[in-house]
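Hi everyone, thanks for coming. Let me put the structure on the screen, and then I'll walk you through a few parts of it.

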Amino acid sequence: RGGATYAIDAMAVHGAYRPEQTPNDIALLRLKPDRGSRDGVGTPIALLAGRDGAPPLRAAVPVAAYGWGYTGVVAPQADPLFNASGELQRNPGQLQVGELEALGWATCRKRLGSDLGPRMLCAVSRRDPATGRAPRHVFSCRGDSGGPLVREVGGRDMLVGVASWSRGCGYRDTPSVYTDVSRYAEWVERARTQLRSGQVVLVDDPPAARAAAD
């Protein structure tokens with residue numbers, strides 16, 4: 001009930017993305033109004049990491065994640081349809097937002113191993129500096145994929161990540177993993193120029209970005 005809908009007019013998928021893997025988990029959609037659209041539905045995120053100047057996203061920098069995913073803890077390899085208590089999960093009826101903090105890439109790599117690629121970033125529940133504990137357990141789960149990870153820069157929101165994958169959901173504070181948008185800023189701009197109405201196109205990295213990724 002309520003809200004607004006938009007049609008997908010065009011789509012660009014990273015040319016090196018493979019459904020059975022996690023690297024290059026990014027796509028660009030161009031939207032257009034449809035019969036469920038209306039004015040005044042909000043303001044898009046204006047800033048893009050890697051394109052608009054900002055300090056690096058270092059460990060413990062506050063970020064926020066938005067999504068419609070399951071909210072129950074799920075152990076690795078378990079069916080996310082059921083939480084750790086065996087209860088059937090349902091997607092929430094309202095958009096969820098949770099406070100997290102960035103986790104250093106090297107630290108996350110020690111936890112997740114080689115599954116964590118160089119163009120990914122990690123986030124964990126935000127901790128209270130006074131106690132060192134997280135007052136709220138926040139994580140990404142099935143249904144959150146593609147959702148934004150946002151940081152505040154100069155009072156404005158900047159898109160820094162796109163929800164990608166995790167081992168289980170919030171299991172023992174296992175990090176949630178996001179596509180690092182700062183490493184794809186050039187790809188986003190290139191993909192924007194190749195969008196074609198009514199089509200899905202594959203777009204490779206620009207040569208300079210491809211060399212940097214290698």
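Let's begin with Gln-77, which counts as exposed because its relative accessibility is 83%; for the whole talk, buried means under 20% relative accessible area, exposed means over 50%, and partly exposed is in between, using a 1.4 Å probe and protein chains only. Before I go on, this is a predicted model, where local features need pLDDT of at least 70, side-chain atom pairs count only at pLDDT 80 or more, and totals for chains, interfaces and linings use all residues. Residues are numbered from 1 along each chain as its sequence is written, and side-chain values use heavy atoms, with hydrogens and water left out.

Back to Gln-77: you'll find it in the loop between β4 and β5 (96–103). Those labels are DSSP runs numbered from the N terminus, with helices being H or I of at least four residues and strands being E of at least two. Gln-77 has a phi near 70°, a positive value in a residue other than glycine. Most residues other than glycine have a negative phi. Asn-24 also has a positive phi, about 55°, and is not a glycine either. This one sits in the loop between β1 and β2. So is Asn-24 buried or exposed? It's buried, with a relative accessible area of 14%.

One more loop residue: Pro-118, between α1 (105–112) and β6 (120–125). Pro-118 is partly exposed, at 49% relative accessible area. From Pro-118 to Pro-175 it's 57 residues in sequence and 15 Å in space, C-alpha to C-alpha.

Strand β1 (residues 6–14) runs parallel to β10, and four bridges join them. As for Val-13, its bridge partner in β10 is Leu-202.

What about the core? The largest nonpolar core has 16 residues, and among those touching the most other members are Ala-12, Leu-28, Trp-187 and Val-203. By nonpolar core I mean a set of buried Ala, Val, Leu, Ile, Met, Phe, Trp, Tyr and Cys residues joined through side-chain atoms within 4.5 Å. α2 gives the most to this core, four residues. In soluble globular proteins, nonpolar side chains tend to be buried together.

Last stop, the pockets. How much space lies in the largest pocket? About 1600 Å³. A pocket here is an open set of points on a 1 Å grid over the protein atoms alone, where a 1.4 Å probe fits, with protein on both sides within 12 Å along at least five of seven lines; lining residues have an atom within 4 Å of a point. Grid points are joined across faces, edges and corners, and the volume is the space filled by probe spheres set on the points. The largest pocket is lined by 38 residues, and those closest to its centre include Leu-31, Ile-45 and Gly-146. β2 supplies the largest share of that lining, five residues.

The second largest pocket comes to about 490 Å³. Its lining has 21 residues, with Trp-165 and Arg-167 among the closest to the centre.

Terms used: Pairing = 2+ DSSP bridges.
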